[in-house]
Structures are given as C-alpha cells and as structure tokens.
Amino acid sequence: LAATFQFTRQPSMLASTSACVLRLKFTNRSNDSLANVGLAKVQLGQSQSLTPFVPISHLGAGGSAETNLHIDFAGSRQPLRFHLTSDRGAFPAEIRAPQGELLRPSPLSRAEFAAIRGRLGGMHESTARLPARPDGETSAALARAVLRCLNMAVLDTDADAAAAGGGEAGGEVLFSAATLHSEQPVLLSLLPEPGGLKVLVHADDAMAGPLLLDEAKEALKLR
C-alpha cells in the first residue's frame, strides 16, 4: 500500500476554519485486494485536530482511490504521525506541513501592505539576496513560482500605483497572507536589484519568517 498527499488549499467544510484539506491517494501495489484502508494511532499535538476519512472498504490489486483528510496543525511545525492500516497490517507514516501551506491568502492594498511592513522590523524581518534572474522573466512568472509553494495573495501593484498617479511599480512583486491558526499577517517582497533579487519576509511569528524565506528561496531557485 502506497500513499501520497497534496494540500488542496480549499476551505474545510468538516473541520475548523484553520484546518488544511489534504487530498490522499492510495495505491495498491500488490497482486491482492486490500480491505478497510484507514488510519490508526494518530498522534496529535496540543490544539491539533484531525477529521478522519471513512475507511476505504475495498482496493483492488493495482488500483487507486482518493479521499480527503482535514487537519488543523494549530500552527505547529511538528509532523503529524499516524499509521496507515488495511486488512493486511499497518505501517507508520507522517505528514509535515510546509510553512507556506499554513497560510491563507489575505489581499491588501499597497498602503495596507506598507503599514504592516513598517511595523514588522527587527526579528520579524528575514532577508536574502538571490542571483540575477533570467533575461525576460516577467513579474507574473516570478509570482507563479512563489505561489506553487506559498499560499498567498499577489498585490496588484500596477493598479495601486496608477491609482496613486505613480506610474510604474518598479518591478517589485508583493505577496500577503495570514496564518491559518492565528490570523497573523505575513508579507513577502521580491525586489529587483542590480545583478540580483532581494527577498524579504515580514511575519509576526518570528520563528515562521526564516522558514518561509527558505521556502521562497527554494521556489525561486534557478534550475
């Protein structure tokens, strides 16, 4: 029995508003049918919760089945541990949520973004500088790369700048979100520099900022 999961970024209809919805895919790699595929021995941390799925009654040889799992990680960086079970036995598994999936998009105006960024300095700010980007890479392409890993909203800086009579937005790409568990603001800024790209993360949670910065750097890594 093999299992994979994907964060759907959909709101949970069965659990709390701070829960993540994961799509689980089970594949029977054996030559025999499996029955009663489910979860057992779930280890939850403080304030965490899990809404289990209805066990899969039958999974034929070579077959696959999908279901949803609703997990409230409560902002924790610790993995959720459990056992996957069937009529043939059980094996341990764990799910560790990337920091970028513990967010929800929170659209802001440019003025709101600037105000929040202005108060989140010091230990609430994380910075990195990346090498120069490929020639011709657009702001939209940068945004797509980030959004594949971080669940955030992209600010329409061009519209805001035009409304303020400012013309061009300077090529920067700005993102905003709130943490699922505590609704704290999280900001990400991509600022072009001569010969490179400056990446800034501002977060109320001083522990989350460096983790989000690492995930943004990985998303923007040139391959």
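1. The buried residues of helix H4 are covered by, among others, strand S9 (103-105), strand S10 (125-131), helix H2 (139-147), S13 and strand S14 (196-203). Contact here means heavy atoms within 4.5 Å. Helices (H or I, at least four residues) and strands (E, at least two) are DSSP runs, numbered from the N terminus.

2. This is a predicted model, in which local features need pLDDT of at least 70 and side-chain atom pairs count only at pLDDT 80 or more, while totals for chains, interfaces and linings use all residues. Residues are numbered from 1 along each chain as its sequence is written, and side-chain values use heavy atoms, with hydrogens and water left out.

3. Which residues of H4 are buried? They are Ala208, Gly209, Leu212, Leu213, Glu215, Ala216 and Ala219; buried means under 20% relative accessible area, exposed over 50%, and partly exposed in between (1.4 Å probe, protein chains only). These residues lie on the same side of H4, because they cover an arc of only 165 degrees around the axis. The arc is that of the directions from the helix axis to the C-beta atoms.

4. Helix H4 (residues 208-219) has 12 residues, which at 1.5 Å a residue should span 16 Å. The expected span is 1.5 Å times one less than the number of residues. The end C-alpha atoms of H4 are 16 Å apart, which agrees.

5. The whole structure holds three aromatic pairs. Rings of Phe, Tyr and Trp (its six-membered ring) pair if their centres lie within 6.5 Å; planes under 30 degrees apart count as stacked, over 60 as edge-to-face and the rest as tilted. Phe7 and Phe73 form a tilted pair, because their ring centres are 6.3 Å apart and their planes stand at 35 degrees. Phe7 belongs to strand S1 (residues 2-7) and Phe73 to the loop between strand S6 (64-72) and strand S7 (80-86), so the pair ties together parts 66 residues apart in sequence. Phe7 is buried at 13% relative accessibility, and Phe73 is buried at 1%.

6. The rings of Phe26 and Phe53 also make a tilted pair, with centres 5.7 Å apart and planes at 50 degrees. Phe26 sits in strand S2 (residues 20-27) and Phe53 in the loop between strand S4 (49-51) and strand S5 (56-59), 27 residues apart.

7. His181 lies in the loop between strand S12 (173-179) and strand S13 (185-193). With 44% relative accessibility, His181 is partly exposed. His181 touches Ser18, Asp72, Ala74 and Gly75, not counting residues up to four places away in sequence.
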